[in-house]
Amino acid sequence: METAKTEQTAAENRAPLTSAEIGALAHLYRGEIYRSTVWRTRLDTTTNWSVVTLGVALSISFSSPNASPLPLILVGVLIIFFLMLEARRYRYFNVFRARARWMETHFYTPMLIEGDLHLEKHWQDVLAADYLRPEYHVGVMTAIGRRIRRNYFWILLIQSMAYGGKLAVHPAGVQSWQQALDRADIGPFPGELVLGTGVFYVLLWGGIAWWSANTDAARARARSSKTSMG
């Protein structure tokens, strides 16, 4: 109790930042911007990989009326792999982006508007704690949901529509539901199982995106301010 009281008193009596310390913070901000930019580029890379692999699968499956739709299913494995990799990269990116945004709203904005850094609000303590004990600001499922909502919703939608279209038009227009099921057969796996797995595949990732959107909205409503470290 006495230790906490002593720390609080020290924080309240903290001297204003010197010009050298302000300069160091400016360089720190530049470093966080650089790191967030690097990780943002890595996010774009995995998205590009997903788009390219889907394009290759589309080219193979629609190369001729007798071509198999199997590549459109197999590419889903690669797309999910890239999604998991991108979610991991997003968690790193989010840390550096949040730090930069924190300094923008609590360091630069008050200095520009009032000429006061407002150290009495202890925003610097939050930033220092994040450097002393670095950790992800969002969970894996939240990161996956955000990446689906930003990019992968459209990739998964195109994949699903292309697969359905392949079954419907090749090698000729489908005449009945049973014929579509027969076309969906993959070796020993019946069409019912294949299509059922596809529906589950779409609903699973759609559900994660929906859950993530609701979680982010609830988190935004619960904040006492419009900015946060995370």
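Leaving out neighbours within four places in sequence, serine 50 touches Ile79, Phe82, Tyr152 and Ile155, where contact means heavy atoms within 4.5 Å. Serine 50 belongs to helix H2. Its relative accessible area is 0%, so serine 50 is buried. Here buried means under 20% relative accessible area, exposed means over 50%, and partly exposed is in between, with a 1.4 Å probe and protein chains only.

Before going further, a word on what you are looking at. This is a predicted model, in which local features need pLDDT of at least 70 and side-chain atom pairs count only at pLDDT 80 or more, while totals for chains, interfaces and linings use all residues. Residues are numbered from 1 along each chain as its sequence is written, and side-chain values use heavy atoms, with hydrogens and water left out.

## The whole chain

What does the secondary structure of the protein chain come to? It comes to 7 helices and 0 strands, and the pattern along the sequence reads α-α-α-α-α-α-α. The radius of gyration is 25 Å, well over the 17 Å that the globule rule gives for 230 residues, so the protein chain is more spread out than a compact globule. That radius is taken over C-alpha atoms, and the globule rule is 2.2 Å times the number of residues to the power 0.38. Helices (H or I, at least four residues) and strands (E, at least two) are DSSP runs, numbered from the N terminus.

Along the principal axes, the C-alpha atoms fill a box of roughly 80 × 35 × 30 Å. Of the 230 residues, 36% count as buried. Among contacts between residues at least 6 apart in sequence, 79% join residues at least 24 apart. The accessible surface of the protein chain comes to about 13,700 Å², and 65% of it belongs to carbon and sulfur atoms; this area comes from the Shrake-Rupley method with a 1.4 Å probe.

## Helix H4 and its cover

Helix H4 spans residues 123-132, and its buried residues are Trp123, Gln124, Leu127 and Asp130. Seen down the axis of H4, these buried residues fall within an arc of 120 degrees, so they line one face of the helix. The arc is that of the directions from the helix axis to the C-beta atoms. An α-helix has 3.6 residues a turn, so residues three or four places apart point the same way. What covers the buried residues of H4 includes helix H2 (19-61) and helix H3 (70-113).

Back in helix H2 we also find glutamate 32. Is glutamate 32 buried or exposed? At 1% relative accessibility, glutamate 32 counts as buried. Beyond its neighbours within four places in sequence, glutamate 32 is in contact with Phe96, Arg99, Ala100, Met103 and Tyr131.

Leucine 70 lies in helix H3 and is partly exposed, with a relative accessible area of 30%. Phenylalanine 153 lies in helix H5 and is also partly exposed, at 43%. Each has a listed partner, shown below.

| Pair | Apart in sequence | C-alpha to C-alpha |
|---|---|---|
| Leucine 70 and isoleucine 60 | 10 residues | 9.5 Å |
| Phenylalanine 153 and valine 202 | 49 residues | 9.5 Å |

Finally, the peptide bond from histidine 170 to proline 171 is cis, with omega near 0 degrees. Proline 171 sits in the loop between helix H5 (140-169) and helix H6 (177-183).
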